[in-house]
Structure formats: structure tokens, C-alpha cells
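Reader: Can we go through this one piece by piece? Start with the pocket, please.

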Amino acid sequence: MPDSARPKSVLPATQVHVEGFAQVREARRSELVEDYVELIADLIADGREARQVDIASRLGVAQPTVAKALRRLVKEGWAIQRPYRGVFLTPAGEQLARDVRVRHQTVERFLLALGVDADSARRDAEGIEHHVSEATLAAFEAFLAKAAPRV
């Protein structure tokens, strides 16, 4: 088949492909940590201790799953566990929770501005927040600043 008759490839350039898959793998690695620190911060802000039982209930997972995740958070310096007490975030964990919360709110506001219903926007933002790049977040913010009043 002559080159001119071949259909153009739908694949992006190799390096673009590599970068995209690398970004997704990194987002998956950090997603669990981000979900946990965000929830811990929310529980504490709600006036409670972040107890393992409450975390398990809110995430819909078993307590042994939470225990394993909390060990990881402690090991990586995001949280502190105290015997017979709840979980507390380190300053690094608190900063990560703030960053994740801002990302989540930006994605949710963007989806609402597009006309997505509130329940879907909240649920979808929970997944998208971990996978969206800083450049895309900046574009969302610019769009919101121009096109939509603060939602």
C-alpha cells in the first residue's frame, strides 16, 4: 500500500504516550494516600477524631484495609497514630490534604459550570482530582474565572 493511501496513525507521538501513561501510574500511586489524608482532615475539621472505624465506614472498606493504609501513611510521614486515640496528620499531611481539597473543589466547580448535576459532579470530582494535571487545573480555573460566577 503506498504511504499516501495508509490511514494516519491515531497513536500520539511515543514520548507523549510515555508521559501520559507515567502520569496515570503516578496518580494511581498517590490516589490512596490523597483520599486518606483528605478524609482524615475532614473528620478532624468536623470536630471529631479520625478513628479507624470512622475512616473504614466513610470509605466503605474493612478496618484491616484501613489499618494497612494508615501504616503506610505513618511510614511515609503523612500521619501520626497514637494508641487508643485517632489518627492525626503531620504538617506535611495537613498541607497535602489542603492541596487535594483545593484540587477537588476546582474540578467539582468546573463540572458544575458545565451543567453536570451536583451528585455526579461530586462523585466524578473524587476520581478526576487525582488524575488532572496542574496545567489542566489552571485551565479549569481560568475558565471558571471568565465563564462562571463562583459556583
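Reader: Which residues line the largest pocket?

Author: The lining consists of D35, E38, L39, D42, R58, L59, R101, H104 and E126. A pocket here is an open set of points on a 1 Å grid over the protein atoms alone, where a 1.4 Å probe fits, with protein on both sides within 12 Å along at least five of seven lines; lining residues have an atom within 4 Å of a point. This is a predicted model, in which local features need pLDDT of at least 70 and side-chain atom pairs count only at pLDDT 80 or more, while totals for chains, interfaces and linings use all residues. Residues are numbered from 1 along each chain as its sequence is written, and side-chain values use heavy atoms, with hydrogens and water left out.

Reader: How much space lies in the largest pocket?

Author: About 180 Å³, where volume is the space filled by probe spheres set on the points, and grid points are joined across faces, edges and corners.

Reader: What is the lining like by class?

Author: Six charged residues, two nonpolar and one polar. Asp, Glu, Lys and Arg count as charged; Ala, Val, Leu, Ile, Met, Phe, Trp, Tyr, Cys and Pro as nonpolar; the others, Gly among them, as polar.

Reader: Which helices supply at least two residues of that lining?

Author: Helix 1 (14-45), helix 2 (52-59) and helix 4 (91-113). Helix 1 gives the largest share, four residues. Helices (H or I, at least four residues) and strands (E, at least two) are DSSP runs, numbered from the N terminus.

Reader: What's the overall secondary structure of the chain?

Author: Six helices and two strands, in the order α-α-α-β-β-α-α-α along the sequence. Of its 151 residues, 31% count as buried, meaning under 20% relative accessible area; exposed is over 50%, and partly exposed lies in between (1.4 Å probe, protein chains only).

Reader: Now the largest nonpolar core. Which members touch the most others?

Author: Y36, V37, I40, I55, L70, L73 and V87, out of 19 residues. Such a core is a set of buried Ala, Val, Leu, Ile, Met, Phe, Trp, Tyr and Cys residues joined through side-chain atoms within 4.5 Å. Helix 1, helix 2, helix 3 (63-75), strand 2 (87-89) and helix 4 each supply at least two residues of this core, and helix 1 has the largest share with six. A second, separate core of nine residues includes F110, L111, V132 and F140.

Reader: Back to V87. What does V87 touch?

Author: Setting aside residues up to four places away in sequence, V87 touches I40, I44, A50, I55, L70, A79, I80 and Q81. Contact means heavy atoms within 4.5 Å.

Reader: A79 is on that list. Is A79 buried or exposed?

Author: Buried, at 4% relative accessibility. A79 sits in strand 1. Beyond its neighbours within four places in sequence, A79 contacts L73, V74, V87, F88, L89 and T90.

Reader: What follows helix 2?

Author: G60, with a positive phi near 70°. Within helix 2, the buried residues are D54, I55 and A56.
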